[in-house]
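The entries follow the order in which I went through them.

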Amino acid sequence: MSMKRFFIALFLLFAAPVFAAEGEIPYVTAATFEAEVAGATAPVLVQFDAAWCPYCRAMQPALKKLHESDTRLKIVKIDADTDRDLMKRFGVKTLPTMIVFSNGAEHARRVGRLEEEALFEWADQVSKEFK
């Protein structure tokens with residue numbers, strides 16, 4: 001592993017989950033996954049993304065809007081470049097991939113870009129299943 005990748009992984013491991021700006025979607029890592037996702041009391045929508053992925057970037061405004069407006073789902077992201085083990089663990093082969101977890105188990109999955117309306121409809125449908 002190159003030094004650059006090492007320091008990026010180190011930052012994402014320790015700093016990114018802690019220093020997510022107000023309103024920004026926090027990143028979780030392999031080290032924080034169990035506490036932040038598997039151990040969460042509310043359903044968690046996890047988006048696997050990467051900075052280089054144009055579809056991931058295109059979805060960010062809608063995902064951020066959902067994050068700010070929908071309190072039924074906790075929303076986090078996983079960086080596909082630094083957390084390949086989590087991608088492999090959950091069989092993620094395409095970006096973006098969104099998985100909703102409940103009590104640590106996969107509940108729902110969507111692969112590929114969703115427009116804002118479709119993202120909100122899917123989140124609403126999934127959220128209703130937890131009432």
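Which residue in E4 is the bridge partner of methionine 98? I found that it is arginine 110.

Before going on, I noted that this is a predicted model, in which local features need pLDDT of at least 70 and side-chain atom pairs count only at pLDDT 80 or more, while totals for chains, interfaces and linings use all residues. Residues are numbered from 1 along each chain as its sequence is written, and side-chain values use heavy atoms, with hydrogens and water left out.

**Entry: the strands.** I took helices (H or I, at least four residues) and strands (E, at least two) as DSSP runs, numbered from the N terminus, and I counted two strands as paired if DSSP finds at least two bridges between them. Strand E3 covers residues 97-102, and 6 bridges pair E3 in the antiparallel sense with strand E4, residues 105-111. The hairpin of E3 and E4 has 2 residues between the strands, and in this hairpin asparagine 103 takes a positive phi near 55°. I then looked at strand E1 (residues 44-49), which runs antiparallel to E3 and is joined to E3 by 5 bridges; phenylalanine 48 has threonine 97 as its bridge partner in E3.

**Entry: burial.** I used buried for under 20% relative accessible area, exposed for over 50% and partly exposed for what lies in between, with a 1.4 Å probe and protein chains only. By that rule 6 of the 6 residues of E3 are buried. Thr97, Ile99 and Phe101 point one way from the strand, whereas Met98, Val100 and Ser102 point the other way.

**Entry: aromatic rings.** Rings of Phe, Tyr and Trp (its six-membered ring) pair if their centres lie within 6.5 Å, and planes under 30 degrees apart count as stacked, over 60 as edge-to-face and the rest as tilted. I counted 3 aromatic pairs by this rule. Phenylalanine 33 and phenylalanine 101 have ring centres 5.6 Å apart and planes at 80°, so I recorded the pair as edge-to-face. Because phenylalanine 33 lies in helix H2 (residues 33-38) and phenylalanine 101 in strand E3, this pair ties together parts that are 68 residues apart in sequence.

The rings of phenylalanine 90 and phenylalanine 101 are also edge-to-face, because their planes stand at 70°, with the centres 5.0 Å apart. Phenylalanine 90 sits in the loop between helix H4 (84-89) and E3, 11 residues from phenylalanine 101. Phenylalanine 90 counts as buried at 14% relative accessibility, and phenylalanine 101 is buried with a relative accessible area of 1%.
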